[in-house]
Amino acid sequence: MVESKKKMLTYEESRLKRLEENKKRMEELNLTKLAQAVRSATSPKPSPMKKVKPRVRQEVDLSSVRRSNRVADKPAPNYREAVIEPLGRPRSYRRRDLLNRVYAADEDRQYAIERAEQLQSEFDADFPSFVKPMLQSHVTGGFWLGLPVHFCKTHLPKHDEYVTLIDENGDEAETKYLALKTGLSGGWRGFAIDHELVDGDALVFQLIAPTRFKVYIIRVNQAEDEETEGVDNVI
């Protein structure tokens, strides 16, 4: 046991001695500095960050761009000055109570349509006309009035146009006719509210000019009024 310890100490002493000798030889040959130089040369260097210049957004004059040869010789339009013609003077209306809608009875609705068709039959055939029964979507909420497609394709303009509605008193209201959708949009809401149209009313539209309608209103509640008058006369 003692001999093995001595052998281990002798081996460790000899190993340390060799390390010292090797170190001295490397210093004599200047190998230590060369190894450090090699390590510093082969180690990756951090790349410097590139300075990015901020991009300056230049304003482009779109009116000067004329790519088509067909319009190259024409003056460039100024879109900034383009003004959309308003549809009359804006008006404010009290919002109708959509939760308390009143729906017409089927028999009253049909009776109003029959009276409207009877009135239409008395018109001059030279002025085309049609009957349009009113629904809730026409007189509340969206206020969009779709017109008969065949009538629009035959008698109305092929492009969007202002259409004037003239009531039985001669009062006029301007509306916007959308040719693609074949219906009245802007202005119709005001006409419906001003004339207190309700579900079940039947309107007769008579075209008296290319963009002018004479409008006759058949009230759905006139059926109840006539029945009441009949009872009063009997009494």
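Visitor: Which residue is the bridge partner of Ser 129 in β6?
Guide: That's Gln 206. A word on the source: this is a predicted model, where local features need pLDDT of at least 70, side-chain atom pairs count only at pLDDT 80 or more, and totals for chains, interfaces and linings use all residues. Residues are numbered from 1 along each chain as its sequence is written, and side-chain values use heavy atoms, with hydrogens and water left out.

Visitor: What makes β1 and β6 paired strands?
Guide: Strands pair if DSSP finds at least two bridges between them. Five bridges join β1 to β6, which run antiparallel, so they pass that rule. A strand here is a DSSP run of E with at least two residues, while a helix is a run of H or I with at least four, and both are numbered from the N terminus.

Visitor: And what joins β6 to β7?
Guide: A hairpin does, through two residues. Seven bridges link β6 (residues 202-209) and β7 (residues 212-218), again antiparallel. Ala 209, for instance, has Arg 212 as its bridge partner in β7, and Gln 206 has Lys 214.

Visitor: In what order do the strands sit in the sheet?
Guide: The seven strands go β1-β6-β7-β3-β4-β5-β2, in an open sheet with mixed pairing. β1 (129-133) and β2 (145-146) are at the edges with a single partner strand each, so one side of each has no neighbour in the sheet.

Visitor: Why is Gln 206 called buried?
Guide: Buried means under 20% relative accessible area, exposed is over 50%, and partly exposed lies in between, using a 1.4 Å probe and protein chains only. Gln 206 has 9% relative accessibility, so it counts as buried. Its strand, β6, has six of its eight residues buried, so β6 is largely enclosed by the rest of the structure.

Visitor: Which residues is Gln 206 in contact with?
Guide: Contact means heavy atoms within 4.5 Å. Leaving aside neighbours within four places in sequence, the contacts of Gln 206 include Phe 123, Asp 124, Phe 127 and Tyr 216.

Visitor: How many aromatic pairs are there?
Guide: Seven. Rings of Phe, Tyr and Trp (its six-membered ring) pair if their centres lie within 6.5 Å; planes under 30 degrees apart are stacked, over 60 edge-to-face, and the rest tilted.

Visitor: Why is the pair of Phe 130 and Phe 151 called edge-to-face?
Guide: Their centres are 4.7 Å apart and the planes make 65 degrees, so the pair meets the edge-to-face rule. It links distant parts of the chain, with Phe 130 in strand β1 and Phe 151 in helix α5 (residues 149-155), 21 residues apart. Phe 130, at 6% relative accessibility, counts as buried, and so does Phe 151 at 8%.

Visitor: What makes Trp 188 and Phe 191 a stacked pair?
Guide: Here the numbers are 5.5 Å centre to centre and 25 degrees between the planes, so the stacked label applies. Both residues lie in helix α6 (residues 188-194), three residues apart, about one turn of the helix.

Visitor: How do you know that Lys 176 lies over the face of Tyr 162?
Guide: A charge sits over a ring if NZ of Lys or CZ of Arg is within 6 Å of the ring centre and within 35 degrees of the ring normal. Lys 176 lies over the face of Tyr 162 at 5.4 Å from the ring centre.
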